[in-house]
Amino acid sequence: MLTLHLAGGNNVLIYPKPNHTPATFTVLNFPVNDVDQVVDQLTKRGVQFEIYDLPDIKTDKKGIMRGRGPTIAWFKDPAGNILSVLDQKTS
């Protein structure tokens, strides 16, 4: 089991599921003030951001998509689920 401590004193309880299959879509967005800054900080801590070069989803070298909806960067949790940091000004 894992407890995620959020700003403001909020917590999210995360628990394992037997025979887990990772989601193929974003399951959790973290709204942030500055996606570039957060991506840089998380990259320094070892988080690897997804790089996409698809018709509707293209990211830059840092893994950030810009200009096609909100500025967003995707990464995977240890179980393979897709999470994101998302510009809270455009979300």
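Biologist: Which strand does S84 lie in?
Modeller: S84 is in β6, residues 82–87; strands here are DSSP E runs of at least two residues, and they are numbered from the N terminus. This is a predicted model, where local features need pLDDT of at least 70 and side-chain atom pairs count only at 80 or more, while totals for chains, interfaces and linings use all residues. Residues are numbered from 1 along each chain as its sequence is written, and side-chain values use heavy atoms, with hydrogens and water left out.

Biologist: Is S84 buried or exposed?
Modeller: Buried, because its relative accessibility is 0%. The cut-off for buried is under 20% relative accessible area, with a 1.4 Å probe and protein chains only.

Biologist: And how many residues of β6 are buried?
Modeller: 6 of the 6, so β6 is largely enclosed by the rest of the structure. I82, S84 and L86 point one way, and L83, V85 and D87 the other.

Biologist: What is S84 in contact with?
Modeller: Beyond neighbours within four places in sequence, the contacts (heavy atoms within 4.5 Å) include T26, F30, I72 and W74.

Biologist: Switching to pairing: how do β3 and β6 run?
Modeller: Parallel, with 6 bridges joining β3, residues 26–32, to β6; pairing takes at least two DSSP bridges. T26 has I82 as its bridge partner.

Biologist: What about β5 and β6?
Modeller: β5, residues 72–76, pairs with β6 in the antiparallel sense over 5 bridges, and I72 is partnered with L86. The two form a hairpin with 5 residues between them, and G80 in the turn has a positive phi of about 95°.

Technical notes:
Helix = DSSP H or I, 4+ residues; strand = E, 2+ residues; numbered from the N terminus. Buried < 20%, exposed > 50% of the residue type's maximum accessible area, 1.4 Å probe, protein only.
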